[in-house]
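Okay, thanks for coming, everyone. Let me put the structure up.

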Amino acid sequence: MKPAAFDYHRADNLQHACELLSSSGDDSKILAGGQTLIAMMNFRLARPKVLIDVSNIADGNQVLDEDGGIRIRATTVQRFVENSESVQQRFPLLCHAIEHVAHFQIRNKGTIGGNLVNADPASELPAMSLAFDAEFDIISVAGRRTVSASEFFVTYYTTVVAPNEVLSSIRFAEPPKNSGWGFHEVARRAGDYALAGSSAIVTLDAAGKCTRARIALFGVAATPVRATAAEDVLIGEAYSEDLLKASARSVQSILDPESDVHVTADYRRSVAEVLTVRALNDAFRRAKAVQ
Ligand SMILES: Cc1cc2nc3c(=O)[nH]c(=O)nc-3n(C[C@H](O)[C@H](O)[C@H](O)COP(=O)(O)OP(=O)(O)OC[C@H]3O[C@@H](n4cnc5c(N)ncnc54)[C@H](O)[C@@H]3O)c2cc1C
């Protein structure tokens with residue numbers, strides 16, 4: 001299939017992209033890596049009248065170390081983040097999750113911002129934004145606003161980014177020192193979108209008791225899900241198999257998966273619980289190792 005006719009503009013920078021969006025109307029779209037948008041256009045599932053290309057702006061790939069976190073420019077390709085030494089050292093969970101996004105050829109083109117704005121509920125990165133208390137910097141000709149990860153995702157393929165806005169950068173907060181992480185997903189083939197997945201970060205005190213926890217799941221609802229009730233089960237407790245099972249069981253109440261041609265909703269529910277136990281197991285093990 002070929003896409004419907006469209007006009008094409010190349011933006012010099014993100015501010016320029018905002019100006020082009022503002023003058024082009026609501027039928028215009030940002031083109032980043034094109035890994036999702038171009039396929040949608042070829043199938044005529046998307047018919048934007050105007051494309052505003054941000055894939056060639058100066059310094060498009062940027063990972064900035066900040067006190068207590070990192071800021072990633074939205075136009076940064078996923079592979080650049082995966083290969084960043086700073087991200088590998090400070091955010092190993094984020095690197096590990098990105099390795100599960102499609103294939104490296106796609107990650108060489110696909111951007112962090114495009115993935116997050118696309119908001120596929122089975123995507124790994126939206127869940128990472130919840131796990132790392134991310135903040136989204138959104139700009140338009142009217143100014144700038146910051147939105148937390150818990151407010152960013154609205155429903156399937158929908159975020160709070162308005163048609164006249166551009167996602168500029170995302171700030172990921174670094175977990176405390178005595179933290180460990182875990183990540184597990186089930187997909188039909190390597191590189192496919194996950195059928196379900198779970199990630200965990202736990203922080204332990206000197207006695208091995210959990211002082212902070214983050215559990216974020218994907219592929220199990222219309223948006224990525226942070227399981228705060230399951231996190232609360234862990235606080236003040238030391239590792240035990242029963243504790244992890246109790247925490248993972250409480251994930252069930254907030255899941256709202258769909259059945260599709262691949263698997264049933266019940267399958268997603270039960271796999272999500274199992275994956276959460278595994279993610280927590282790894283997180284506790286890694287947290288103990290860095291004490
Ligand atoms: C075969 C295949 C397998 C894949 N598997 C996975 C997977 O396992 N996990 C996964 O997470 N993803 C997967 N993807 C998707 C991939 O990660 C894409 O890169 C991503 O979804 C879109 O990023 P992009 O930069 O290509 O965005 P584009 O396709 O260019 O844009 C996607 C959408 O985001 C909007 N947009 C992009 N950037 C901005 C911005 N800065 N501000 C505002 N709006 C913006 C666009 O207008 C468009 O609506 C897969 C893709 C393919 C083709």
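So, who comes nearest to the ligand? There are 28 residues around the ligand, and the ones that come nearest are I30, G34, L37, T111 and S123. Keep in mind that what you're looking at is a predicted model.

I30 uses its backbone here: one of its backbone N or O atoms is 2.6 Å from a ligand oxygen. G34 also comes in with a backbone N or O atom, at 2.7 Å from an oxygen atom of the ligand. With Q78 it's the side chain: an N or O atom there lies 3.3 Å from an oxygen of the ligand.

How much of the ligand does the protein bury? On its own, the ligand would expose 970 Å², and 88% of that gets buried by the protein. And the spot the ligand takes up is the largest pocket.

Now, which elements build the shell? Two or more residues each come from β2 (28–31), α7 (112–118) and β10 (166–173). The largest share is from α7, which puts in four residues.

Last bit, zooming out to the whole chain. It's divided into domain 1, covering 7–53, domain 2, covering 63–173, and domain 3, covering 179–289. Between domain 1 and domain 3, the C-alpha centres are 36 Å apart.

That's me done, so over to you for questions.

Terms used
Residues numbered from 1 in each chain as written. Predicted model: local features only at pLDDT ≥ 70, side-chain atom pairs only at ≥ 80, totals over all residues. Heavy atoms only, no water. Near = heavy atom within 4 Å. Polar contact = N/O pair within 3.5 Å; in protein donor to acceptor, adjacent residues only side chain to side chain. Areas by Shrake-Rupley, 256 points an atom, 1.4 Å probe, with all protein chains shown as cover. 1 Å grid on protein atoms, 1.4 Å probe; cavity = no way out; pocket = protein on both sides within 12 Å on 5 of 7 lines; lining within 4 Å. Sits in = over half its atoms within 2 Å of the grid points. Domains from an automatic or database assignment.
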